[in-house]
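Subject: Handover of a structure and summary of findings

Dear colleague,

Please find below the structure that I am handing over to you.

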Amino acid sequence: MEFFFGIVPETDIYEKVMSVREKYCVRNGSDPHITVKASCGLSEDMSWLSKCRKIISEFESFQITVGAPKYFGDRDVLYLDVQSEELIELHKRLVAVLEASEESINRCFELELYKPHITVARKSRLSEATIEEMRKDILPDFKKNRTFSVSTVSLFYRANKNEKYRRKEDIKISM
């Protein structure tokens, strides 16, 4: 079983990403989301859940700004840029409570390596020309930054890598 904590973007953003994915027949392992804490350290026994719930539920509501599409690497991943100092702070608190090893931090791109984003598509599943067409298609909707308020962080899970991630639990943030 694999887990991660994530934020589902507001409906308009979610639907625009899904629309572009559907147009190009992209099958991702998860619906559009912003990862707050990746799977590293989130063991199947879920012994970490109560500590993480406490951190999230005591964290104050915050805003996230979603910007223009960009690429990771050599156009390996097309994503929407995400900005929020509070999101980065929440990420750091969740990583800290799990006492992650340096190897785990590096493998899961955490702490200083953490770059909040919404994945649109991965080049491993598409041609470079297709991923560039997707960027051009989604660009008009994200030329201007979009900001939304976060009130919930969700715990996602899947039993194996062949499954799509599903929501297991929504944790309300302090208002």
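How much space lies in the largest pocket? The volume is about 970 Å³. Please note that this value, like those that follow, was computed on a predicted model.

The lining of the largest pocket comprises 32 residues, and those closest to its centre are Thr-35, Ala-38, Phe-109, His-117 and Arg-122. Three elements each supply two or more residues to this lining, namely β1 (2-7), β2 (34-37) and β5 (117-122). Of the elements, β2 gives the most, with four residues. Sorted by class, the lining has twelve nonpolar, nine polar and eleven charged residues.

Turning to the overall fold, the protein contains five helices and eight strands. Along the sequence these elements follow the pattern β-α-β-α-β-β-α-α-β-α-β-β-β. The C-alpha trace spans about 45 × 35 × 25 Å along its principal axes. The radius of gyration is 16 Å, which agrees with the value near 16 Å for a compact globule because the protein has 175 residues. Of these 175 residues, 45% count as buried. The accessible surface comes to about 9,300 Å², and 46% of that surface belongs to carbon and sulfur atoms. As for contacts between residues at least 6 apart in sequence, 74% join residues at least 24 apart.

Two individual residues may also be of interest to you.

The first topic is Glu-132, which is placed in helix α5 (residues 128-138). Is Glu-132 buried or exposed? Its relative accessibility is 14%, and the cut-off for buried is under 20%, so Glu-132 counts as buried. When neighbours within four places in sequence are left aside, Glu-132 is in contact with Tyr-71 and Arg-75.

The other topic is Met-175, found in the segment after β8 (166-172). With a relative accessible area of 74%, Met-175 is exposed. What separates Met-175 from Glu-58, in sequence and in space? The two are 117 residues apart in sequence, while their C-alpha atoms are 9.0 Å apart in space.

Yours sincerely

Conventions. Residues numbered from 1 in each chain as written. Predicted model: local features only at pLDDT ≥ 70, side-chain atom pairs only at ≥ 80, totals over all residues. Heavy atoms only, no water. 1 Å grid on protein atoms, 1.4 Å probe; cavity = no way out; pocket = protein on both sides within 12 Å on 5 of 7 lines; lining within 4 Å. Points joined across faces, edges and corners; volume = space filled by probe spheres on them. Nonpolar A, V, L, I, M, F, W, Y, C, P; charged D, E, K, R; others polar. Rg over C-alpha atoms; globule rule 2.2 N^0.38 Å. Buried < 20%, exposed > 50% of the residue type's maximum accessible area, 1.4 Å probe, protein only. Contact = heavy atoms within 4.5 Å. Areas by Shrake-Rupley, 256 points an atom, 1.4 Å probe, with all protein chains shown as cover.
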